[in-house]
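Please keep the sequence and the structure in view while reading.

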Amino acid sequence: MAKVFCVVNQKGGVGKTTTCTNLAAALSLKGKRVLLIDLDPQGNATTGSGVDKRSLEQSVYQLILGEASFDDVVVRSKEKGLYDVLPANRDLAGAEVELVDMDERDYRLRHALEPQLKNYDVVLIDCSPSISLLTINALCCAHGVIIPMQCEYYAMEGLTDLVDTVKMVYQGKNPDLTAIGLLRVMFDARISLQQEVSEQLKEHFGNRVFNTIIPRNVRMAEAPSYGKPGVLYDPSSKGAKAYKAFATEILSKLK
Ligand code: ADP
Ligand code: MG
């Protein structure tokens with residue numbers, strides 16, 4: 001049965017999508033069966049996985065609303081190192097409003113996903129930069145949460161809200177959601193402030209901080225324009241190596 005992780009941070013531009021696509025690719029290279037769910041109307045995880053979001057006939061939007069089946073929507077991986085994708089595009093922005101009045105509105109994704117879990121080892125969900133109904137849907141499917149963050153002055157701000165939301169979902173909606181981990185990304189060891197914030201995170205959150213640190217690496221930023229995760233675009237880059245190490249760390253925690 002698959003383990004489901006959602007990659008969440010209500011801030012934008014903190015490396016959620018980069019973490020999703022690269023972790024998905026790194027796990028796939030290790031022989032794991034991976035599904036990536038794009039739950040952000042911006043569709044960056046879709047594009048960054050080589051799927052054209054403009055030409056989609058069906059997307060995760062129709063799946064959540066019950067208008068399409070999983071098989072209608074899923075884009076199967078065609079290449080080594082790639083993975084299956086439930087793609088998203090701008091349509092998904094409408095789901096937020098439409099979900100409000102729906103039955104089981106927090107569990108729409110969970111119900112759609114449950115029958116598929118036996119076909120995967122890991123499912124990753126890329127969330128939008130907000131704590132919205134879509135994000136709650138993601139949390140209601142998840143066993144664990146990965147929070148990517150930059151080690152900057154405001155890094156901790158908002159973190160308490162996010163951790164409280166995860167606790168609330170655990171207590172009231174999804175008792176399977178038992179793990180939470182902070183991932184330091186876009187790290188530049190030459191900047192002393194980043195070193196300091198990194199230390200503070202360790203002090204404050206202890207073993208909830210992943211050991212792996214993802215460095216700032218321009219190859220990671222270039223990769224999406226080639227429709228590939230950095231791990232496949234430049235496998236020997238520092239960023240790719242770090243994401244492969246992160247995949248190993250995640251798998252060791254699953255054991
Ligand atoms: P989010 O999904 O949280 O909005 P992204 O993953 O899209 O964040 O990352 C924001 C920007 O930073 C993107 O342009 C991305 O290519 C870039 N980026 C992400 N991780 C790295 C990294 N390790 N090194 C350099 N650039 C990165
Ligand atoms: Mg994103």
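Predicted model: local features only at pLDDT ≥ 70, side-chain atom pairs only at ≥ 80, totals over all residues.

| Strand | Residues | Bridges to β4 | Direction relative to β4 |
|---|---|---|---|
| β1 | residues 3-7 | 5 bridges | parallel |
| β2 | residues 34-39 | 6 bridges | parallel |

Individual pairs can be located within these contacts: V4 stands opposite V123 in β4, while D38 has D126 of β4 as its bridge partner.

Helix α1 covers residues 16-29, and because its 14 residues should span 20 Å at 1.5 Å a residue, the 20 Å between its end C-alpha atoms agrees with that expectation. Of these 14 residues, 13 are buried, so α1 is largely enclosed by the rest of the structure. Just after α1, G31 takes a positive phi of about 90 degrees.

Which residues are the closest to ligand 1? Among the 19 residues that surround ligand 1, the closest are K16, T17, T18, M220 and A221. The elements that each give two or more residues to this shell are α1, β6 (179-187) and α10 (218-222). Sorted by class, the shell around ligand 1 holds 9 nonpolar, 8 polar and 2 charged residues.

Methods
Residues numbered from 1 in each chain as written. Chains lettered and ligands numbered in written order. Helix = DSSP H or I, 4+ residues; strand = E, 2+ residues; numbered from the N terminus. Expected span 1.5 Å × (residues − 1). Buried ≥ 20, exposed ≤ 12 C-beta atoms within 10 Å, placed from the backbone. Near = placed C-beta within 6 Å. Nonpolar A, V, L, I, M, F, W, Y, C, P; charged D, E, K, R; others polar. Pairing = 2+ DSSP bridges.
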